[in-house]
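Hi there,

Here is the structure I promised to pass on. Have a look at it first, and then read on for my notes.

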Amino acid sequence: MILAIDIGNSNITIGGVEDEKIIFEARMATDRIKTSDQYSVELKNLIELFKADLNNIDGCIVASVVPPVSNSFYTAIRKVLGIQPMIVGPGIKTGLNILVDNPAQVGSDLIVAAVAALRVAKPPMAIVDMGTATTITVIDENGAFLGGSICTGVKISMEALTSRTAQLPAISLEQPKRVIGRNTVECMQSGLMVGTAAMLDGLVDRMEEELGQPLTVIATGGIARFVIPMCRREVIYERDLLLKGLAILYKNNVKRREN
């Protein structure tokens, strides 16, 4: 078994993966001020919570978009598992042809999601990742990474709305009964949830026009399953897209190093 770890801005997702099958999945909050010792305790406790044997973990791969946390967590992995984690970054082979202006600026999470999405469906495609930010990545018919769009995440939008206005309350992010809200909560849910679905539909429509081809849309991220039902176009939901991508990258790179 290997550990596949995605360090995001809000959460760190940890998956135990065997033969590309996810055995367990856990999350901890991303905290920029925690020490490697604190992360070591949390990591060990989470692994033991799911009754996984530390001695049966043969490897680890990590993708991180939070540099202040990365080194502390890498050290925690070495302390708990006694192994050097594989890092998604320079030197790792992804098999992707990245056609953006500066490939070094592409987030490792976007690369990992693209690798997994190409196993799920045939390109051209748009990959939507709804986390702290909402990202849309476009892969062309040849499997090349073209770029995409970065938008404010739903939760950040809600936090900005409630913190910068005097009379708007914190609300639950769920599908409203109607688009034309009849009270403050319904109006906010309409704007945040239906508005996000409409934004995704509209952006993908314009991306298709620019590309000149229809796109298969694949979505992942915690909030995605609540927004997708409100989209007018078909969207494939893949809850564990990043963990699957990490497992694929680990397997491919271990084989390359052995050869």
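**Salt bridges and the rest of the fold**

Glu20 forms a salt bridge with Lys251, and their closest N and O atoms are 3.8 Å apart. (A salt bridge here is a side-chain nitrogen of Lys or Arg within 4 Å of a carboxyl oxygen of Asp or Glu.) Glu20 lies in the loop between E2 and E3 and Lys251 in helix H7 (residues 241–258), so this pair ties together parts that are 231 residues apart in sequence. Helices (H or I, at least four residues) and strands (E, at least two) are DSSP runs, numbered from the N terminus.

Before I go on, please keep in mind that this is a predicted model: local features need pLDDT of at least 70, side-chain atom pairs count only at pLDDT 80 or more, and totals for chains, interfaces and linings use all residues. Residues are numbered from 1 along each chain as its sequence is written, and side-chain values use heavy atoms, with hydrogens and water left out.

Arg119 sits in helix H3, while Glu20 is in the loop between strand E2 (11–18) and strand E3 (21–29), so the pair ties together parts that are 99 residues apart in sequence. How open are these side chains to the outside? Glu20 is partly exposed, with a relative accessible area of 28%, and Lys251 is also partly exposed, at 38%. Arg119 is exposed, with 52%. (Buried means under 20% relative accessible area, exposed over 50%, and partly exposed in between, with a 1.4 Å probe and protein chains only.) The backbone of Glu20 deserves a glance too: its phi is near 65°, a positive value in a residue other than glycine.

A search of the whole structure finds twelve salt bridges. Among them is the one between Glu238 and Lys244, with the closest N and O atoms 3.1 Å apart. Glu238 counts as buried, at 16% relative accessibility, whereas Lys244 is partly exposed, at 34%. There is also a network of salt bridges that links Glu25, Arg27, Arg239 and Asp240.

Now for the sheet. Six strands form an open sheet in the order E6-E9-E8-E7-E10-E11, with mixed pairing (two strands pair if DSSP finds at least two bridges between them). Its edge strands are strand E6 (97–98) and strand E11 (236–237), each of which pairs on one side only. Strand E7 (residues 125–130) and strand E10 (residues 216–220) run parallel and are joined by five bridges. Within that pair, Val128 stands opposite Ala219 in E10.

Which helix packs on this sheet and touches E6? That is helix H3 (residues 108–120), which also touches E7, strand E8 (133–139), strand E9 (144–152) and E10. The direction of H3 makes about 130° with that of E7. Helix H5 (residues 184–211) lies across E7, E8, E9 and E10, and runs at about 25° to E8. For these angles, axes are lines fitted to C-alpha atoms, for helices over the stretch in contact, and angles run from 0 to 180 degrees between N-to-C directions. Contact means heavy atoms within 4.5 Å.

The peptide bond from Pro123 to Pro124 is cis, with omega near 5°, and Pro124 is placed in the loop between H3 and E7. Lys51 has a positive phi of about 60° although it is not a glycine. You will find Lys51 in the loop between helix H1 (36–49) and strand E4 (59–64), where it counts as exposed at 76% relative accessibility.

Finally, the chain as a whole. The protein chain has seven helices and eleven strands, and its C-alpha atoms fill a box of roughly 55 × 45 × 30 Å, taken along the principal axes. Of the 259 residues, 49% are buried. Residues 24 or more positions apart account for 56% of the contacts with a separation of 6 or more. The accessible surface comes to about 13400 Å², of which 49% belongs to carbon and sulfur atoms; the areas come from the Shrake-Rupley method with a 1.4 Å probe, and for residues only the protein chains shown count as cover.

Best wishes
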